[in-house]
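Hi there,

Here is the structure I promised to pass on.

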Amino acid sequence: MKYIDIHAHVNFKAFKEDGDEVIRRALDNDTWLVNVGSQYSTSKRAVEIAHEYEEGVFAIVGLHPIHLEEAYHDDEEIGGEGFSTHGEIFKKEDYLELLKDPKVVGIGECGLDYYHGSREIFEKQKIIFREHVALSKETGKALMIHARNSPENKEMNAYQDILEIVKEFPGVKGVSHCFGGSVRDMQGFIDLGFYVSFSGNITYKWKIGFPNYEEIIKATPLDKILNDTDSPYLAPVPYRGKRNEPVYVREIVKKIAEIKGLPESEVAEAIVANAKRLFGI
Ligand SMILES: [Zn+2]
(Lines give C-alpha, C1' and ligand atoms only; values in the text may rest on other atoms or scores of the structure.)
Protein backbone atom coordinates (compact mmCIF):
# COMPACT_ATOMS: atom_id res chain seq x y z
CA MET A 1 0.00 0.00 0.00
CA LYS A 2 1.08 3.58 -0.59
CA TYR A 3 -0.92 5.41 2.05
CA ILE A 4 -2.40 4.62 5.44
CA ASP A 5 -5.02 6.62 7.32
CA ILE A 6 -4.30 5.67 10.92
CA HIS A 7 -7.48 7.21 12.37
CA ALA A 8 -10.86 7.25 10.64
CA HIS A 9 -14.44 6.69 11.74
CA VAL A 10 -16.10 4.87 8.86
CA ASN A 11 -17.73 3.01 11.77
CA PHE A 12 -19.76 6.18 12.53
CA LYS A 13 -23.30 7.04 11.47
CA ALA A 14 -22.08 9.47 8.78
CA PHE A 15 -21.10 6.41 6.69
CA LYS A 16 -24.16 4.32 7.43
CA GLU A 17 -25.33 4.32 3.82
CA ASP A 18 -22.08 3.98 1.91
CA GLY A 19 -19.31 2.91 4.31
CA ASP A 20 -18.41 -0.08 2.16
CA GLU A 21 -18.04 2.09 -0.95
CA VAL A 22 -15.88 4.54 0.99
CA ILE A 23 -13.58 1.75 2.21
CA ARG A 24 -13.35 0.15 -1.24
CA ARG A 25 -12.49 3.53 -2.73
CA ALA A 26 -9.61 3.77 -0.25
CA LEU A 27 -8.38 0.21 -0.86
CA ASP A 28 -8.63 0.63 -4.66
CA ASN A 29 -6.39 3.67 -4.30
CA ASP A 30 -3.67 1.88 -2.32
CA THR A 31 -4.86 3.36 0.95
CA TRP A 32 -5.18 1.26 4.11
CA LEU A 33 -7.12 2.48 7.12
CA VAL A 34 -7.75 2.07 10.81
CA ASN A 35 -11.26 2.68 12.15
CA VAL A 36 -11.29 3.99 15.68
CA GLY A 37 -14.01 3.52 18.27
CA SER A 38 -15.19 6.29 20.60
CA GLN A 39 -17.36 4.13 22.86
CA TYR A 40 -18.22 0.43 23.14
CA SER A 41 -20.78 0.31 20.29
CA THR A 42 -18.56 2.07 17.74
CA SER A 43 -15.53 0.07 18.92
CA LYS A 44 -17.36 -3.18 18.30
CA ARG A 45 -18.54 -1.90 14.92
CA ALA A 46 -14.95 -1.03 13.97
CA VAL A 47 -13.91 -4.63 14.68
CA GLU A 48 -16.79 -6.03 12.63
CA ILE A 49 -15.91 -3.79 9.68
CA ALA A 50 -12.25 -4.86 9.82
CA HIS A 51 -13.36 -8.46 9.30
CA GLU A 52 -15.32 -7.61 6.16
CA TYR A 53 -12.07 -7.06 4.24
CA GLU A 54 -9.29 -9.49 3.58
CA GLU A 55 -6.59 -6.91 4.18
CA GLY A 56 -5.96 -3.25 4.77
CA VAL A 57 -8.67 -2.47 7.33
CA PHE A 58 -7.94 -2.49 11.07
CA ALA A 59 -9.65 -1.40 14.28
CA ILE A 60 -8.84 0.43 17.50
CA VAL A 61 -11.13 0.20 20.52
CA GLY A 62 -11.72 2.46 23.48
CA LEU A 63 -13.75 5.14 25.21
CA HIS A 64 -13.29 8.76 24.10
CA PRO A 65 -13.08 11.27 26.99
CA ILE A 66 -16.12 13.25 25.80
CA HIS A 67 -18.22 10.10 25.94
CA LEU A 68 -17.87 9.93 29.72
CA GLU A 69 -20.48 12.68 30.12
CA GLU A 70 -23.92 13.30 28.77
CA ALA A 71 -23.76 16.36 26.51
CA TYR A 72 -24.49 17.80 23.11
CA HIS A 73 -21.49 18.68 20.93
CA ASP A 74 -22.44 21.12 18.18
CA ASP A 75 -21.07 21.37 14.66
CA GLU A 76 -18.88 24.32 15.54
CA GLU A 77 -17.10 22.30 18.18
CA ILE A 78 -16.85 19.16 16.07
CA GLY A 79 -16.10 20.55 12.61
CA GLY A 80 -18.80 18.30 11.19
CA GLU A 81 -22.35 17.32 12.10
CA GLY A 82 -22.93 17.65 15.87
CA PHE A 83 -23.94 14.76 18.12
CA SER A 84 -25.05 13.85 21.63
CA THR A 85 -23.09 11.70 24.04
CA HIS A 86 -24.96 9.64 26.62
CA GLY A 87 -22.30 9.22 29.30
CA GLU A 88 -20.78 5.77 29.28
CA ILE A 89 -19.07 3.69 31.97
CA PHE A 90 -15.72 2.18 31.02
CA LYS A 91 -15.98 -1.61 31.24
CA LYS A 92 -12.47 -2.96 31.00
CA GLU A 93 -13.48 -6.59 30.43
CA ASP A 94 -15.55 -5.69 27.37
CA TYR A 95 -12.62 -3.91 25.77
CA LEU A 96 -10.20 -6.68 26.77
CA GLU A 97 -12.42 -9.10 24.89
CA LEU A 98 -12.29 -6.94 21.74
CA LEU A 99 -8.53 -6.55 22.14
CA LYS A 100 -8.02 -10.29 21.69
CA ASP A 101 -8.91 -9.85 18.03
CA PRO A 102 -5.81 -9.74 15.79
CA LYS A 103 -7.42 -7.00 13.65
CA VAL A 104 -7.44 -4.72 16.69
CA VAL A 105 -4.14 -2.84 16.62
CA GLY A 106 -4.63 -0.33 19.40
CA ILE A 107 -6.52 1.22 22.30
CA GLY A 108 -8.48 4.46 22.04
CA GLU A 109 -9.34 6.94 21.20
CA CYS A 110 -8.53 7.91 24.73
CA GLY A 111 -7.00 10.90 26.42
CA LEU A 112 -8.07 14.28 27.76
CA ASP A 113 -10.48 16.78 26.26
CA TYR A 114 -10.50 20.19 27.93
CA TYR A 115 -12.70 21.86 25.32
CA HIS A 116 -15.44 22.31 27.88
CA GLY A 117 -16.34 20.84 31.24
CA SER A 118 -15.43 21.22 34.87
CA ARG A 119 -12.44 20.24 37.01
CA GLU A 120 -14.46 17.32 38.24
CA ILE A 121 -15.05 16.09 34.67
CA PHE A 122 -11.37 16.46 33.80
CA GLU A 123 -10.36 14.48 36.89
CA LYS A 124 -12.70 11.70 35.80
CA GLN A 125 -11.16 11.80 32.31
CA LYS A 126 -7.73 11.30 33.89
CA ILE A 127 -8.90 8.23 35.80
CA ILE A 128 -10.36 6.63 32.67
CA PHE A 129 -7.35 7.57 30.54
CA ARG A 130 -5.09 5.90 33.11
CA GLU A 131 -7.16 2.73 32.70
CA HIS A 132 -6.55 2.82 28.94
CA VAL A 133 -2.81 3.26 29.42
CA ALA A 134 -2.81 0.32 31.84
CA LEU A 135 -4.63 -1.73 29.23
CA SER A 136 -1.98 -0.79 26.69
CA LYS A 137 0.75 -1.89 29.09
CA GLU A 138 -1.11 -5.17 29.70
CA THR A 139 -1.81 -6.03 26.05
CA GLY A 140 1.17 -4.40 24.30
CA LYS A 141 -1.19 -2.65 21.88
CA ALA A 142 -0.60 0.97 20.88
CA LEU A 143 -2.39 3.93 22.44
CA MET A 144 -4.43 6.16 20.12
CA ILE A 145 -4.39 9.46 21.93
CA HIS A 146 -6.94 12.26 21.67
CA ALA A 147 -6.02 15.61 23.22
CA ARG A 148 -7.79 18.93 23.00
CA ASN A 149 -7.18 22.13 24.89
CA SER A 150 -9.70 24.65 26.09
CA PRO A 151 -10.11 27.64 23.76
CA GLU A 152 -10.34 29.94 26.83
CA ASN A 153 -8.26 28.49 29.63
CA LYS A 154 -4.66 28.59 28.43
CA GLU A 155 -3.31 27.48 31.82
CA MET A 156 -4.45 23.92 31.26
CA ASN A 157 -2.54 21.76 28.78
CA ALA A 158 -4.11 18.42 27.86
CA TYR A 159 -0.91 17.29 26.08
CA GLN A 160 1.33 17.84 29.11
CA ASP A 161 -1.20 16.17 31.44
CA ILE A 162 -1.36 13.17 29.09
CA LEU A 163 2.44 12.95 29.01
CA GLU A 164 2.52 12.93 32.82
CA ILE A 165 0.12 9.98 32.94
CA VAL A 166 1.88 8.05 30.16
CA LYS A 167 5.18 8.40 32.05
CA GLU A 168 3.67 6.38 34.91
CA PHE A 169 3.69 3.36 32.56
CA PRO A 170 7.18 2.96 31.09
CA GLY A 171 7.34 1.02 27.84
CA VAL A 172 3.91 1.84 26.43
CA LYS A 173 3.78 2.98 22.81
CA GLY A 174 1.36 5.08 20.84
CA VAL A 175 0.48 8.12 18.80
CA SER A 176 -1.06 11.52 19.45
CA HIS A 177 -3.62 11.86 16.65
CA CYS A 178 -4.80 15.10 15.00
CA PHE A 179 -1.92 16.81 16.72
CA GLY A 180 -2.70 20.37 17.81
CA GLY A 181 -0.13 21.00 20.51
CA SER A 182 3.11 22.98 20.53
CA VAL A 183 6.66 22.05 19.51
CA ARG A 184 7.33 21.37 23.20
CA ASP A 185 4.33 19.03 23.43
CA MET A 186 5.44 17.24 20.26
CA GLN A 187 8.94 16.83 21.71
CA GLY A 188 7.42 15.33 24.86
CA PHE A 189 5.80 12.56 22.81
CA ILE A 190 8.94 11.93 20.75
CA ASP A 191 11.00 11.64 23.96
CA LEU A 192 8.66 8.87 25.12
CA GLY A 193 9.07 7.01 21.83
CA PHE A 194 5.59 8.05 20.66
CA TYR A 195 4.52 9.17 17.18
CA VAL A 196 2.72 12.36 16.24
CA SER A 197 -0.05 12.29 13.63
CA PHE A 198 -1.24 15.25 11.57
CA SER A 199 -4.71 15.78 10.12
CA GLY A 200 -6.50 17.86 7.48
CA ASN A 201 -6.30 21.04 9.54
CA ILE A 202 -2.63 21.41 8.56
CA THR A 203 -3.90 22.33 5.07
CA TYR A 204 -6.14 25.15 6.39
CA LYS A 205 -5.19 28.79 6.10
CA TRP A 206 -3.56 29.78 9.39
CA LYS A 207 -5.57 31.94 11.79
CA ILE A 208 -5.09 33.16 15.35
CA GLY A 209 -5.45 30.31 17.80
CA PHE A 210 -4.17 27.68 15.35
CA PRO A 211 -0.93 25.85 16.14
CA ASN A 212 2.02 26.80 13.94
CA TYR A 213 1.96 23.60 11.91
CA GLU A 214 4.81 24.65 9.68
CA GLU A 215 7.14 25.01 12.62
CA ILE A 216 5.88 21.84 14.31
CA ILE A 217 6.09 19.64 11.20
CA LYS A 218 9.56 20.90 10.32
CA ALA A 219 10.70 19.98 13.84
CA THR A 220 9.10 16.51 13.85
CA PRO A 221 11.49 13.75 12.68
CA LEU A 222 10.22 11.96 9.56
CA ASP A 223 10.47 8.58 11.28
CA LYS A 224 8.02 9.78 13.95
CA ILE A 225 5.32 11.28 11.70
CA LEU A 226 1.94 9.72 10.97
CA ASN A 227 -1.21 11.02 9.30
CA ASP A 228 -4.92 10.63 9.91
CA THR A 229 -8.11 11.99 8.40
CA ASP A 230 -10.39 11.69 11.46
CA SER A 231 -13.13 11.11 8.86
CA PRO A 232 -15.93 12.22 8.68
CA TYR A 233 -14.50 15.39 10.30
CA LEU A 234 -11.78 17.85 9.28
CA ALA A 235 -11.63 17.28 5.51
CA PRO A 236 -8.39 18.67 4.05
CA VAL A 237 -8.29 21.35 1.37
CA PRO A 238 -9.65 21.08 -1.39
CA TYR A 239 -12.43 19.04 0.25
CA ARG A 240 -12.82 21.30 3.27
CA GLY A 241 -16.44 21.55 4.41
CA LYS A 242 -17.37 18.21 2.84
CA ARG A 243 -17.59 14.85 4.57
CA ASN A 244 -14.05 13.59 4.95
CA GLU A 245 -12.98 10.07 3.93
CA PRO A 246 -9.77 8.00 4.15
CA VAL A 247 -8.77 8.38 0.48
CA TYR A 248 -8.22 12.12 1.12
CA VAL A 249 -5.25 11.28 3.35
CA ARG A 250 -2.92 11.94 0.42
CA GLU A 251 -3.69 15.68 0.72
CA ILE A 252 -2.15 15.57 4.19
CA VAL A 253 0.90 13.71 2.87
CA LYS A 254 1.22 16.34 0.14
CA LYS A 255 1.20 19.16 2.70
CA ILE A 256 3.74 17.48 5.00
CA ALA A 257 6.03 16.93 1.97
CA GLU A 258 5.64 20.57 0.95
CA ILE A 259 6.51 21.82 4.46
CA LYS A 260 9.47 19.48 4.81
CA GLY A 261 10.69 20.13 1.25
CA LEU A 262 10.74 16.41 0.48
CA PRO A 263 9.29 14.36 -2.38
CA GLU A 264 5.74 13.23 -1.66
CA SER A 265 6.68 9.60 -2.29
CA GLU A 266 9.40 9.72 0.36
CA VAL A 267 6.96 11.06 2.96
CA ALA A 268 4.28 8.52 2.01
CA GLU A 269 6.76 5.66 2.31
CA ALA A 270 8.03 6.86 5.67
CA ILE A 271 4.50 7.15 7.06
CA VAL A 272 3.58 3.64 5.95
CA ALA A 273 6.79 2.27 7.51
CA ASN A 274 6.09 4.16 10.75
CA ALA A 275 2.52 2.83 10.93
CA LYS A 276 3.70 -0.73 10.34
CA ARG A 277 6.28 -0.38 13.08
CA LEU A 278 3.82 1.09 15.58
CA PHE A 279 0.90 -1.25 14.96
CA GLY A 280 2.83 -4.39 14.09
CA ILE A 281 1.02 -4.83 10.77
ZN1 LIG B 1 -11.38 10.59 16.06
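Asp230 sits in the loop between S10 and H9. Although Asp230 is not a glycine, its phi is positive, at about 55°. Is Asp230 buried or exposed? Asp230 counts as buried, because 24 C-beta neighbours lie inside 10 Å and the cut-off for that class is 20 or more. Please bear in mind that this is a predicted model.

The loop between S10 and H9 also holds Pro232, and the peptide bond leading from Ser231 to Pro232 is cis, with omega near 10°. Pro238 is in the loop between S10 and H9 too; Val237 and Pro238 are joined by a cis peptide bond with omega about 10°.

Asp30 is another non-glycine residue with a positive phi, about 55°. You will find Asp30 in the loop between helix H1 (19-28) and S2. Asp30 is partly exposed, with 15 other C-beta atoms within 10 Å.

Now for the sheet. Its eight strands run in the order S1-S2-S3-S6-S7-S8-S9-S10, and the sheet is open, with parallel pairing. Strand S1 (3-8) and strand S10 (225-227) are at the edges; each has a single partner strand, so one side of each has no neighbour in the sheet. On average, neighbouring strands here are turned by 30° against each other, direction ignored. S1 pairs with strand S2 (residues 31-36) over four bridges in the parallel sense, and Asn35 in S2 is the bridge partner of Ala8.

Helix H9 (residues 249-260) packs on this sheet and touches S1, S2, strand S9 (195-198) and S10. The direction of H9 makes about 150° with that of S10.

H9 also packs with H10, at an angle of about 115° and with the axes 8 Å apart. Their crossing is right-handed. On the H9 side are Val253, Lys254, Ile256, Ala257 and Lys260, which meet Glu264, Val267, Ala268 and Ile271 of H10. By class, this contact has six nonpolar, no polar and three charged residues.

Finally, the core. The largest nonpolar core has 83 residues, and Val34, Ala59, Ile60, Val61, Val175 and Ile271 touch the most other members. Helix H10 (residues 264-279) gives the most to this core, with eight residues. Leaving aside neighbours within four places in sequence, the contacts of Val175 include Ile6, Met144, Phe194, Leu226 and Leu278.

Happy browsing, and do write back with any thoughts.

Best wishes

How values were computed
Residues numbered from 1 in each chain as written. Predicted model: local features only at pLDDT ≥ 70, side-chain atom pairs only at ≥ 80, totals over all residues. Pairing = 2+ DSSP bridges. Helix = DSSP H or I, 4+ residues; strand = E, 2+ residues; numbered from the N terminus. Axes fitted to C-alpha atoms, helices over the stretch in contact; angles between N-to-C directions. Contact = placed C-beta atoms within 7 Å. Core = buried A, V, L, I, M, F, W, Y, C linked by C-beta atoms within 7 Å. Buried ≥ 20, exposed ≤ 12 C-beta atoms within 10 Å, placed from the backbone. Left-handed = near helix turned anticlockwise from the far one by under 90°. Nonpolar A, V, L, I, M, F, W, Y, C, P; charged D, E, K, R; others polar.
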